[in-house]
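Thanks for coming, everyone. I'll walk through one structure today. Have a look at it first.

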Amino acid sequence: MQNDPLIIAGREFTSRLWVGTGKYKDFAETKKAIEASGADVVTVAVRRVNITDRSKENLLDYLDPKKYIILPNTAGCYNVEDALRYARLARAAGVSDLIKLEVLGDERTLFPDTAGLIEAARILVKEGFIVLPYTNDDPIVAQKLVDVGCPAVMPLAAPIGSGLGIRNPYNLKIIMEMIKVPIIVDAGVGTASDAAFAMELGADAVLMNTAIAGAKDPIAMAEAMKYGVYAGRLAYKAGRIPRKLYATASSPIEGML
Amino acid sequence: MAETIQIQVNGEARACRADATVGDLLRDLAIKTERVAVELNLEILDRKDFDGRSLHAGDRLEILSFIGGGAPMGSHVRERGFVHAE
């Protein structure tokens with residue numbers, strides 16, 4: 001599938017699988033898994049530099065910024081103020097204006113606080129950020145995020161790290177039909193078929209972290225996810241057959257004895 | 001011996017020279033300035049101003065960078081986050 005780029009806010013992305021960089025054993029494993037996934041977008045969090053132990057390596061020493069688009073996130077922020085602070089710090093750290101915006105509403109489910117999310121998105125868009133919001137599978141909220149200027153929307157498939165797969169394909173489908181900007185299914189996939197399913201529904205990309213990093217063999221799973229996303233995208237573009245209750249023979253009756 | 005002042009860096013008390021700038025402190029800590037964000041008393045500094053901003057007693061400095069993460073790892077991340085560590 002050559003020449004099938006994903007375009008968001010005028011930027012071209014070659015991979016439709018985006019990956020997080022958390023929860024790996026070490027940076028070497030992170031790097032290998034990302035390479036195996038074929039992803040060109042990697043998400044990172046913003047945290048305090050360890051000033052007591054300067055021998056610690058930095059993740060970005062392992063990820064060539066020429067090869068990967070670094071997408072900072074506001075992971076761990078539970079209110080608008082914190083999310084704005086982290087987004088501004090991420091930009092000050094000098095990667096780009098891209099931000100994966102998370103405003104979480106609850107620690108147990110990590111579901112987004114969608115009211116706070118819309119508010120934070122509105123402010124950051126005005127400040128010139130390219131805001132990619134992590135949101136619920138709610139079409140109305142998705143539309144509001146587009147209305148405040150988000151050039152893509154990232155609805156969840158299931159709670160972050162749950163591996164439950166696509167819990168509400170119908171809502172996601174409605175989002176994909178209603179919303180005119182790219183849709184990136186973010187969070188909740190467990191295995192390659194989940195990623196394929198998201199793409200078959202019409203998602204423009206899938207973002208995941210735990211499903212790869214938490215697998216027994218993260219590097220093999222990263223590769224599986226690459227093919228899952230690829231197969232799902234191809235199937236979506238090919239157009240599946242309608243579901244029917246009864247059989248339709250594949251072989252002709254003519255010529256039978 | 002130069003005069004020293006007490007400041008807070010990433011939530012921890014630290015002494016530094018009374019005439020030190022943010023840039024001096026980063027060099028003392030062996031922190032490369034690319035891909036680092038610095039917040040001085042809640043004001044985010046432009047990288048080009050690091051050497052021009054002098055430190056004063058009681059200043060609260062936050063030095064941040066990127067780490068692995070794509071999904072929050074539950075409540076312990078929240079405890080580690082610098083906003084909540086205070």
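Let me start with a question: is Arg53(B) buried, partly exposed or exposed? Arg53(B) counts as partly exposed, because its relative accessibility is 27%. The cut-offs: buried is under 20% relative accessible area, exposed is over 50%, and partly exposed is in between, with a 1.4 Å probe and protein chains only.

Ground rules before I go on. This is a predicted model, where local features need pLDDT of at least 70 and side-chain atom pairs count only at pLDDT 80 or more, while totals for chains, interfaces and linings use all residues. Residues are numbered from 1 along each chain as its sequence is written, chains are lettered from A and ligands numbered from 1 in the order in which they are written, and side-chain values use heavy atoms, with hydrogens and water left out.

Back to Arg53(B). Arg53(B) makes a salt bridge with Glu43(B), with the closest N and O atoms 3.0 Å apart. By salt bridge I mean a side-chain nitrogen of Lys or Arg within 4 Å of a carboxyl oxygen of Asp or Glu. The two residues are ten apart and link distant parts of the chain: Arg53(B) is in the loop between β4 (43-44) and β5 of chain B, and Glu43(B) is in strand β4 of chain B. Helices (H or I, at least four residues) and strands (E, at least two) are DSSP runs, numbered from the N terminus. Glu43(B) is partly exposed too, at 39% relative accessibility. One network, joined by salt bridges that share partners, takes in Arg17(B), Asp19(B), Asp24(B), Arg27(B) and Asp51(B). Within it, Asp19(B) pairs with Arg17(B), closest N and O atoms 3.1 Å apart. Asp19(B) is exposed at 54%, and Arg17(B) is partly exposed at 37%.

Now chain B overall. It has two helices and five strands. Along the sequence the pattern is β-β-α-β-β-β-α. Of its 86 residues, 45% are buried. Contact means heavy atoms within 4.5 Å. Among contacts in chain B between residues at least 6 apart in sequence, 49% join residues at least 24 apart.

Next, the interface. How many residues of chain A are in contact with chain B? On chain A there are 41, in contact with 37 residues of chain B. The two chains bury about 3,600 Å² between them, 61% of it on carbon and sulfur atoms. Buried area here is the accessible area (1.4 Å probe) that two parts lose on being put together, summed over both.

Two salt bridges run between chain A and chain B. One of them joins the side chains of Glu62(B) and Arg48(A), at 2.9 Å, N to O. Glu62(B) is buried at 6% relative accessibility. Arg48(A) is partly exposed at 22%.

On the chain A side, β4 and α2 are the elements that give two or more residues. The largest share, seven residues, comes from α2(A).

One residue in that helix: Ala83(A) sits in α2 of chain A. Ala83(A) is buried, with a relative accessible area of 0%. Ala83(A) touches Thr74(A), Cys77(A), Leu101(A), Glu102(A) and Val103(A), leaving out residues up to four places away in sequence. Its C-alpha atom is 7.0 Å from that of Glu102(A), 19 residues apart along the chain.

Last stop, Asp40(A). Asp40(A) lies in the loop between α1 (27-37) and β4 (41-48) of chain A. Is Asp40(A) buried or exposed? Asp40(A) is buried, with a relative accessible area of 10%. Its side chain reaches the backbone nitrogen of Ser15(A) at 3.5 Å. Beyond four places in sequence, the contacts of Asp40(A) include Phe13(A), Trp18(A), Lys67(A) and Ile69(A). Leu17(A) is 23 residues away along the chain, with the C-alpha atoms 7.8 Å apart.

That's my tour. Comments are welcome.

Definitions and conventions. Polar contact = N/O pair within 3.5 Å; in protein donor to acceptor, adjacent residues only side chain to side chain.
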